[in-house]
Amino acid sequence: MAEPVPASTQEDLFEAVIAAEQRIEPRDWMPDAYRATLIRQIAQHAHSEIIGMQPEGNWLTRAPSLRRKAILLAKAQDEAGHGLYLYAAAETLGVDRAELTEKLISGRQKYSSIFNYPTLTFADVGVIGWLVDGAAICNQVPLCRCSYGPYARAMVRICKEESFHQRQGYELLMTLMRGTEAQRRMVQDAVDRWWWPSLMMFGPSDADSPNTARSMAWRIKRHTNDELRQRFVDMTVPQAEHLGVTLPDPELRWNEERGGWDFGEPDWSELTRVIRGQGPCNAQRVERRRAAHEDGAWVREAAVAYAAKRSAEQHTEEENGK
Ligand code: ACO
């Protein structure tokens with residue numbers, strides 16, 4: 001029998017893999033805190049994808065054309081798929097998806113603040129695609145290089161689909177901006193409501209982010225919250241100009257020296273309130289998730305019964321084949 005590897009050697013090996021930009025895989029040794037950090041982040045991310053279907057789902061039955069409805073349906077289905085890849089990635093760390101869902105609906109695990117805002121008009125669908133999915137791309141493309149293999153691989157496909165989501169949102173907004181004065185006002189109103197919450201998606205400022213330093217050292221996160229927020233603003237300002245909308249920030253101005261856009265401070269007290277469950281739609285989002293979970297109990301029971309039946313049949317076939 002092989003000699004057990006001493007903990008110090010295992011830790012050295014883990015650190016060496018991280019330093020060499022290689023991947024940690026599910027069966028590799030990893031520090032408990034690394035595992036816990038990944039479970040926390042991947043679970044929150046998975047929950048966000050699933051809860052994130054609700055704001056836009058609100059418009060599925062009222063999309064203005066068959067084309068828009070088909071696009072929106074495809075997008076919502078993609079988000080469900082993202083949730084599934086991410087729950088599967090979390091399960092490789094030894095947690096059970098049912099347990100994670102239970103923690104979400106009992107308020108013991110978080111999901112992104114952004115999905116606690118209402119979608120008041122169809123322009124919100126376009127602005128979610130443009131700003132929210134645009135922010136998601138900024139945040140998530142670097143996660144394709146995360147040190148944990150299953151998370152990094154899940155992110156590659158998710159990011160490809162997020163690009164389609166962003167483009168469909170921008171195309172919808174361009175169409176509205178070419179429409180009537182009322183449609184242009186509708187777009188501007190949606191931009192005014194979603195701009196600051198989109199900036200808050202990146203998390204608290206670096207000075208108030210307790211997890212960033214360790215997650216960066218472990219190469220789970222590749223950039224700080226503020227770095228990604230800046231990248232998002234720099235990417236979005238020219239797109240807003242092209243679209244013909246005004247971003248609701250009087251402090252927004254080009255900084256020649258830095259080669260980037262200066263922008264105002266988000267209202268961090270609002271982010272704290274929303275994370276604590278006091279946003280405009282938190283209660284409704286979680287309640288709807290709980291109801292969907294309870295309504296789906298029969299599907300899970302049927303799947304378990306079917307799996308048991310298949311396994312018994314295979315067992316009998318093997319017995320008979322002997
Ligand atoms: N909404 C809700 N909670 C947030 C948010 C937010 N926008 N930003 C930060 N938090 C929470 C963190 O989860 C953390 O809470 P916890 O320690 O209890 O878990 C706390 O606030 C402090 O924040 P940080 O120390 O900055 O946390 P972290 O290093 O995990 O960074 C971030 C937060 C940037 C969201 C990171 O977890 C991440 O990149 N996650 C993956 C991407 C993701 O989940 N995106 C969600 C949107 S998905 C979509 O758009 C379809």
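Biologist: Which residues does T236 touch, not counting residues up to four places away in sequence?

Modeller: The model is predicted: local features need pLDDT of at least 70, side-chain atom pairs count only at pLDDT 80 or more, and totals for chains, interfaces and linings use all residues. Residues are numbered from 1 along each chain as its sequence is written, and side-chain values use heavy atoms, with hydrogens and water left out. Contact means heavy atoms within 4.5 Å. With residues up to four places away in sequence set aside, T236 touches W130, L131 and W195.

Biologist: Is T236 buried or exposed?

Modeller: T236 sits in helix α10. Helices (H or I, at least four residues) and strands (E, at least two) are DSSP runs, numbered from the N terminus. Buried means under 20% relative accessible area, exposed over 50% and partly exposed in between, with a 1.4 Å probe and protein chains only. T236 has a relative accessible area of 1%, so T236 is buried.

Biologist: How many residues does the largest nonpolar core have?

Modeller: Such a core is a set of buried Ala, Val, Leu, Ile, Met, Phe, Trp, Tyr and Cys residues joined through side-chain atoms within 4.5 Å. W130, V187, W194, F232, V245 and L247 have the most contacts inside the largest one. The size of that core is 44 residues.

Biologist: Which helix gives the most to this core?

Modeller: α6 (123-140), α7 (149-177), α8 (181-200) and α10 (225-243) each supply at least two residues. The top contribution is 9 residues, and the helix giving it is α6.

Biologist: Leaving aside neighbours within four places in sequence, which residues is F232 in contact with?

Modeller: F232 is among the core residues with the most contacts. Two of its partners, L131 and W195, also touch T236.

Biologist: At what angle do the axes of α6 and α7 cross?

Modeller: Axes are lines fitted to C-alpha atoms, for helices over the stretch in contact, and angles run from 0 to 180 degrees between N-to-C directions. These two axes come within 7 Å. They cross at roughly 145 degrees.

Biologist: How do the residues of the contact of α6 with α7 divide?

Modeller: Ala, Val, Leu, Ile, Met, Phe, Trp, Tyr, Cys and Pro count as nonpolar, Asp, Glu, Lys and Arg as charged, and the others, Gly among them, as polar. On that basis the contact of α6 with α7 divides into 12 nonpolar, 9 polar and 2 charged.

Biologist: What distance does the side chain of E91 span to reach the backbone nitrogen of R97?

Modeller: E91 is in helix α4 (residues 66-91). E91 counts as partly exposed because its relative accessibility is 37%. Its contacts, leaving aside neighbours within four places in sequence, are D96 and R97. The E91 side chain reaches the R97 backbone nitrogen at 3.0 Å.

Biologist: What is the length of the polar contact that joins the side chains of N255 and D262?

Modeller: N255 lies in strand β1 (residues 253-255) and is buried, at 18% relative accessible area. A polar contact is a pair of N or O atoms within 3.5 Å; within protein, one must be able to donate a hydrogen and the other to accept it, and residues adjacent in sequence count only if both atoms are side-chain atoms. The side chains of N255 and D262 are joined at 3.2 Å.

Biologist: What positive phi does E21 have, although it is not a glycine?

Modeller: E21 is in the loop between α1 (7-19) and α2 (32-51). Its relative accessible area is 41%, so E21 is partly exposed. The phi of E21 is about 60 degrees.
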